[in-house]
Amino acid sequence: MSNPPPPSEDPVAWAKHLTGAFADALHKKRAECLTKQTRNLSLSSPPSRPPPPIPSDSSSSSRSCVRPATPSSSSSSSSQPSLRKAKSKFTLSTSSSSRSQEVGPDGLPAYTRSGATRESHPPEDVASLKFRGQLMLLANTPARYENPGLLDEALTLIPLNRIYAEAEEESQMYEAEARSLGKERGKWGYQDCVIMALLRWFKRDFFTWINNPLCPVCYSETSPEGMTQPLPDETARGATRTELFKCTNARCGTYERFPRYSDVWALLNTRRGRCGEWANCFSMLCRAVGSRVRWVWNSEDHVWTEVYSEHVNRWVHIDSCEEAWDKPRLYAEGWGKKMAYCIAFSHDGVTDVTRRYVRLQKYALPRTKCPEAVLVHILNEIRTMRRERLSPSDIKRLEKEDYLEEIEFRKFEWQALEAEATKNGARRTTTPGEKRPRQSGTTDWKHRRGENGIASETVSPLDAPDARMMEHDGH
């Protein structure tokens, strides 16, 4: 590196020279990391054909501009004609087909490596078929939000005048802030502010968090007694299990049932629950006010919401239990929660969004429910089912969104590499609101789930001895 010119001659040129020198040093560090990764892969595994690169922006403008297949790829595709329909040029894989390879040579989760395979294989073993059935069932949840009668009923419960007034005021504040900084657009748009106002009302005024329900007779505290079979009326409203509680008052001893409803109609009436009920009801309300919604399932027993922002052209994380807006690193780096799978379901698609919520390897659990190539096949299958009745223009728009989201995930990978290289990249990209423990739930309950702000060494909170009384938000 050449010596920079003295500041006395030209301070502006001197500052630019230092900035360029730092950028060159950072790029060199990244190149060394990638070179080391390639060397380790060549020593530890036999050479394999590299995957084709992601389509460029110029090729993404037309669905007909597809990279020609090599002879080997054409022969493999001909052996699987049923899968050919589900693939598109924007279909992107996120991981390797090996179930045992969880950590790459660069220290990142193996499923986040940019050089991961794009191959997909149908499920064959029992575990993979079971996981496919589970994901197929979960994919039906956001499809229920498209019921016009349900959405109309939801709108009658929302104080729209209050929500829109708060959104208008907040959006004007963002616009004024942008003008003061010389920017053309505010940080968030009007519809984003509508969802923010809806989030505040839902958390503070509409829904209630339930730890142990109060006794319906004497209103004393209750203690858990275990699980019981749901009654026919509870089953009709989507309850697949019911928790049983007993009044702690010796003179009373009344039993109280707490059915875990999954039907949104029932939740609009009960207005109480834990993470599963909160995320289910709030996601539907977001859909009712006109936003596109994802219902995100986590394999470690949590669920939340994502809303697509037309203003920033990306999916935004929302947790109604925590009143959290756009804080995707809250769970791992705030709660200390370790996660393996985060799958986002919508009425028109599905995406593995684990890389948005797990940025550092120490928060990643092994992904062993099925090989990664099988997961790609399952998600492609669900995505094709959800889009088979859409118009070609809608399909093209959704595929472009999938492609841009993959670019966003690749950016997260580079940030993780930078964090490993500079030892402080993670601190620069984490917002203050993400570095906080969980707010909802009792202290003991959060400790059992590994969500009390301390990264637990346990593999999963579901392995706890008293897991029978823990919520199972992922159904």
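**Reading the sheets of a predicted model**

Tutor: Strands S6 and S7 make a hairpin with 3 residues between them, and in that turn aspartate 301 has a positive phi of about 70°. This is a predicted model, in which local features need pLDDT of at least 70 and side-chain atom pairs count only at pLDDT 80 or more, while totals for chains, interfaces and linings use all residues. Residues are numbered from 1 along each chain as its sequence is written, and side-chain values use heavy atoms, with hydrogens and water left out.

Student: How many bridges join S6 to S7?

Tutor: Strands are DSSP runs (E, at least two residues), numbered from the N terminus, as are helices (H or I, at least four residues), and two strands pair if DSSP finds at least two bridges between them. Here 6 bridges join S6 to S7, and the two run antiparallel; valine 296 stands opposite tryptophan 304 in S7.

Student: What follows on the S8 side of S7?

Tutor: S7 and S8 pair in the antiparallel sense over 5 bridges, with serine 309 opposite arginine 314 in S8. S7 and S8 also form a hairpin, with 4 residues between them, and asparagine 313 in that turn has a positive phi of about 60°.

Student: Is S7 buried or exposed?

Tutor: A residue is buried under 20% relative accessible area, exposed over 50% and partly exposed in between, with a 1.4 Å probe and protein chains only. In S7, 8 of the 8 residues are buried, so this strand is largely enclosed by the rest of the structure. His302, Trp304, Glu306 and Tyr308 point one way from S7, whereas Val303, Thr305, Val307 and Ser309 point the other way.

Student: In what order do the strands of this sheet stand?

Tutor: The open sheet has 6 strands in the order S9-S8-S7-S6-S10-S11, with antiparallel pairing. S9 (324–325) and S11 (349–352) stand at the edges with a single partner strand each, so one side of each is left without a neighbour in the sheet. Helix H14 (residues 392–422) packs on the sheet, touching S6 (293–298), S7 (302–309), S8 and S11, and its direction makes about 15° with that of S11. Contact means heavy atoms within 4.5 Å; axes are lines fitted to C-alpha atoms, for helices over the stretch in contact, and angles run from 0 to 180 degrees between N-to-C directions.

Student: Which strands form the open sheet of 3 strands?

Tutor: That antiparallel sheet has the order S2-S3-S4, and its edge strands, S2 (222–228) and S4 (255–259), each pair on one side only. The twist averages 30° from one strand to the next.
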